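Here is a short report on one protein model. Look at the strands first, then the ligand, then the domains.

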Amino acid sequence: MTTHAHQETRILIVEDDQGLAQLLQEEIEDAGFKARISHTAENGLAAAQTWMPDLIVSDLRLPGADGLALLRQIQSGMSENTPDVLIITAFGTVAKAVESLKAGAEDFLTKPLDLEHFRLSISRILEKRRMREELSRIRTLLDADSAFHGMYGRSPAMLALFQQIRQIARADGPVLIQGESGTGKELVARAIHEESDSTAGPFLAVNCAGISEHLLESEFFGHAAGAFTGATKARQGIFTEAEGGTLLLDEISEMPAPLQAKLLRMLQDGRIRPVGSNREQQINVRIIAATNRDLEALVQAGDFREDLFYRLETFSLQAPPLRERGNDLDLLTGIFLLQFASALNKQIESISAHANDLLTRYRFPGNIRELRNTIERAVVFCHEREIRIEHLPPRIRRDIENAQSKSSPLLPNGIQIDNNSLPSLEEVERRYIRHVMTMVNGNKRLAASILGIGRRTLYRRIEEMLQP
Ligand SMILES: Nc1ncnc2c1ncn2[C@@H]1O[C@H](COP(=O)(O)OP(=O)(O)OP(=O)(O)O)[C@@H](O)[C@H]1O
Ligand SMILES: [Mg+2]
């Protein structure tokens, strides 16, 4: 994924020892890269300017100008795609080699050359270069503000979602956004609002969880003066406040049944009645409901009104989980890295190949939110120029280690079964619940949604597990 005009990786060898130069050329070509040889620094510089290599492997001592001079000229003379430089030096000139590192060489190796070290050094430099190019590509994306209303994504799944948002925004009627925790449902709701004709109106969001039924009702629909103790004055509800705009009902699954009925009525005839009032009000508000639970399953279990579900579901959107977004993981990692590094005033240029690999293999049950938090944490803990695995949370490192150790292929990573003592289904269930709870860092809401059971059921299971 380089930004270069040429596709293949080019390595220029600047070495006056013909035999060594040829050996290195073979070594480089065996690794699948293109190689060329120059025997002097002067020729090397000319080749660098015309052939545009990604990396220059240069001897320090050369006839005429030396490797250090070449390095300096390359760094001052080439602004775009400056090649990286690897210095090779004879034993005894280590002080000079250190000087070359200070002047910007990526690495130095001493003669006699250990080919294994040579290969490692080259692949490390090229990987770092790839990351740097990736980040600069991402930086231009950031500069160009190429996000779709704050959402970054290039994967087919996200491009399809953006397209759906544009279409749905222009239509009328309620919208249902479903998707796992942290997939950006709130951003989707805002995007719908911003793409719609009611952008001039307000965008309000209210969380249906954790508010008592009674309060929720007056909160939503407002109340008349004297409607209940303490209600001395009439008050507008959120529906009225959102007039002419969009109202996001977050965690719609948690809405108490009586309110579900009122909401359905509102959706059908566009009217609400404040608590304690006998007059109905006509309102014009786009309703968007969001949930990270399987609403259809809740309907089947009798925990959510079927008619309301069908009314909401007319325009329904699915925010895809991070693991279904392909390369977006790299993109988002880079975006968050740049954002947090600049916010925290840190010079971080890349993520090590190893750390990147770990992120790629991790499942991210908490999706974009979890990735964002992970990168923020890494940036805080990182005091070098590169994020490495030790900057990633133990949870992620552990998860991958577990995945690597032998576990039954039928079970998720992290649950091990000893063939000599096959556990009962109940025992496996207990272990699995425990596994999921660790994966989500004890977040019961998230655990319940992954396990596909109600939160109350989860509480009960956990209590049972705690009993001796
Ligand atoms: N595509 C994206 N690009 C950049 N940031 C994103 C993207 N998607 C989500 N985020 C960020 O991830 C975090 C979680 O997003 P959001 O709160 O919208 O998730 P959610 O689906 O509502 O989660 P929950 O179900 O837990 O309420 C926010 O900080 C949001 O800005
Ligand atoms: Mg949310």
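Strands β1 (residues 10-14) and β3 pair in the parallel sense, over four bridges. In this predicted model, Leu 12 stands opposite Ile 56 in β3. Strand β3 also has a partner in β4 (residues 84-90). β3 and β4 run parallel, and five bridges join them. Here Ile 56 stands opposite Val 85 in β4.

The table sets out the two pairings.

| Strand pair | Sense | Bridges |
|---|---|---|
| β1 and β3 | parallel | four |
| β3 and β4 | parallel | five |

Is β3 mostly covered or mostly open? It is mostly covered: five of its five residues, 55-59, are buried. Leu 55, Val 57 and Asp 59 point one way from β3. Ile 56 and Ser 58 point the other way. All of these residues are buried.

Now turn to the ligand. Which residues come nearest to ligand 1? They are Ser 181, Gly 184, Lys 185, Glu 186 and Ile 368, out of 17 residues around the ligand. Two elements give two or more residues each to this shell: α7 (185-195) and α15 (367-381). By class, the shell around ligand 1 has six nonpolar residues, seven polar residues and four charged residues.

The domain assignment gives domain 1 (10-143), domain 2 (156-320) and domain 3 (409-468). How far apart do the C-alpha centres of domain 2 and domain 3 lie? The distance between these centres is 33 Å.

Key
Residues numbered from 1 in each chain as written. Chains lettered and ligands numbered in written order. Predicted model: local features only at pLDDT ≥ 70, side-chain atom pairs only at ≥ 80, totals over all residues. Domains from an automatic or database assignment. Near = placed C-beta within 6 Å. Nonpolar A, V, L, I, M, F, W, Y, C, P; charged D, E, K, R; others polar. Buried ≥ 20, exposed ≤ 12 C-beta atoms within 10 Å, placed from the backbone. Pairing = 2+ DSSP bridges.
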